[in-house]
Amino acid sequence: MPNNKNSKNTKSKQLKETLFLQRKHTAKIFSETEQKKADKFCEGYKSFLDAAKTEREAVREAVAACVKAGFAEFSGAKNYKAGDKIYAVNRGKSVIAAIIGKENLQNGVNLIAAHLDAPRIDLKQRPLYEEAELAYFKTHYYGGIKKYQWTAVPLALHGVVVKADLSTVEVCIGEDDSEPVFAVTDLLPHLAEEQYKRPANQLIKGEELNILIGSRPFNDEKGSDLVKLNIMRLLNEKYGIVEADFLSAELEAVPAHKARDVGFDRSLVGGYGQDDRVCSYTALRALLDCKKTPKRTAVVVLTDKEEVGSDGNTGLKSAYLRDFLQDLAEKQKAQLRAVLANSKCISADVNVAFDPNFPDVTEKLNVAYVNYGVAVAKFTGARGKSGTSDASAEFVGEIRKLFDTNKIAWQTGELGKVDQGGGGTVAMFLANMNIDTLDVGVPVLSMHAPFEITAKNDVYMAYRAFAAFVGG
Ligand code: MN
Ligand code: MN
């Protein structure tokens, strides 16, 4: 009986809708207006990616955005009242922005932590050399990169050089179409038979990541190192530096390409450094766009050094965040330990997106999918949840309710199958301060590659999720 069968189907369908966890594509749930907003939001995001290719540049962009939104630099001498907007920069490489809430700090803050550093190739302290009349920079890569991905792609050079007289020279070359770029050369396939036998993580070895920077010798004189000399002469003309100045420099080679739309439907963003500038941008925007004075003080920290383990004074293992909270706490006669214990934190970092080309490394129920919203990861880590903070059911429940109430499209995320590998975020360092912390972020394809890919709808959902969190 077809009728009967149909009604049975409807009943099970209804029951499934009530009882089962559903997964919905953002494009199917977004209104036309919301889709337009998401696409427009990502135009600003792409501009940020192009302007902020290093942690220093990202801090500069963040501060400019803060100032534009009426935030003032934090002063230890000033007292702050509800609605005041402040920011504090740590050594030009990390930044904290905050809006003072209506409640006393003793009740805790709503904190979002994202990182501004991204995998790249740093120059060594003595980088310049010449070999076979070609000039090169020696490098030491920063963060977890698949080294072979960084060969044969145009690189730009960003950073600072501190000269002997302590004056600083800013370097940014290779971004404008009129400027030269640099590159690491790779072996032609015709002669790669031996190279192919190397394990993939040594296809290009660390000491082979040498950046080609020139090939013409100085004049036609005889002698050694004339190509190197010519390069040094050009650098001296342009930046006023000598070879010894590299000793006190931080120069970073990054992909020279701009962020672009990806796909015929322009649904995706491709670009360098989206891990984790995507969460940095969305978190900061969420704070800057906060129209009402929040109940609880809202804090966004954009930190450095996450990709190398968060050590160092600009990373989240440093005391700078705790000290900032302490400064705020003292002004309100609040105890720091109470502030921390009552605070809630979103550790805003990217997660792996399911890649149909490599389905085996992820587990299909728990992995995040591109376009299905912002990913929530209760834990990260590896080998039996090592190296992570495992958020409590209570705190996950709280965030779940917040996102559902605010109609945020969100999904679970997991850094690969159990025992497949794994990785961590800054979540554990915040949780170790006795703060409730949960990982929330945008799913990424080709993470840590020179050209990472995210979905515009997920980027927008991250912004909306963070806005709900800081506005509450
Ligand atoms: Mn990250
Ligand atoms: Mn990373």
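Along the chain, the donors of the manganese ion (ligand 2) follow the spacing D-x31-E-x140-H. The model is a predicted one. The protein donors of this ion are Asp275 (OD), Glu307 (OE), Glu307 (OE) and His448 (NE2), which lie 2.1 to 2.6 Å from the manganese ion (ligand 2). Glutamate 307 is in the loop between strand E14 (298-303) and helix H8 (320-331), and histidine 448 is in the loop between strand E20 (443-444) and strand E21 (452-455), so the pair ties together parts of the chain 141 residues apart in sequence. Glutamate 307 and histidine 448 are both buried.

A further manganese ion (ligand 1) lies 3.4 Å from the manganese ion (ligand 2), and aspartate 275 bridges the two. Histidine 115 and aspartate 349 are both buried.

Aspartate 275 and aspartate 276 are joined by a cis peptide bond, with omega at about 15 degrees. Aspartate 276 is placed in helix H7 (residues 274-288).

Seven strands form an open sheet with antiparallel pairing, in the order E8-E7-E11-E5-E6-E10-E9. Its edge strands, each pairing on one side only, are strand E8 (168-173) and strand E9 (183-184). Within the sheet, strand E5 (residues 120-131) and strand E6 (residues 134-142) pair in the antiparallel sense over eight bridges. Leucine 128 has phenylalanine 137 of E6 as its bridge partner. Helix H6 (residues 226-239) packs on the sheet and touches E5, E6, E8 and strand E10 (211-214). The direction of helix H6 makes about 125 degrees with that of E5.

Three cavities of 30 Å³ or more were counted. The largest cavity has a volume of about 50 Å³. Its lining consists of Asp349, Val350, Asn351, Ala377, Thr380, Leu415, Thr425 and Asp439.

Several loop residues were examined individually. Threonine 362 is in the loop between E16 and strand E17 (374-377). Threonine 362 counts as buried because its relative accessibility is 7%, below the cut-off of 20%. Leaving aside residues up to four places away in sequence, threonine 362 touches Val352, Phe354, Val367, Gly416 and Lys417.

Arginine 266, in the loop between strand E12 (260-262) and strand E13 (268-271), has a positive phi near 55 degrees, although this residue is not a glycine. Arginine 266 counts as exposed because its relative accessibility is 52%, and the cut-off for this class is over 50%. A positive phi is also found at asparagine 434, a residue other than glycine, with a value of about 75 degrees. Asparagine 434 is located in the loop between helix H11 (427-431) and strand E19 (436-441).

Notes: Residues numbered from 1 in each chain as written. Chains lettered and ligands numbered in written order. Predicted model: local features only at pLDDT ≥ 70, side-chain atom pairs only at ≥ 80, totals over all residues. Heavy atoms only, no water. Buried < 20%, exposed > 50% of the residue type's maximum accessible area, 1.4 Å probe, protein only. Pairing = 2+ DSSP bridges. Helix = DSSP H or I, 4+ residues; strand = E, 2+ residues; numbered from the N terminus. Contact = heavy atoms within 4.5 Å. Axes fitted to C-alpha atoms, helices over the stretch in contact; angles between N-to-C directions. 1 Å grid on protein atoms, 1.4 Å probe; cavity = no way out; pocket = protein on both sides within 12 Å on 5 of 7 lines; lining within 4 Å. Points joined across faces, edges and corners; volume = space filled by probe spheres on them. Donors = N, O, S within 2.8 Å, 3.2 Å for Na, K, Ca; no water.
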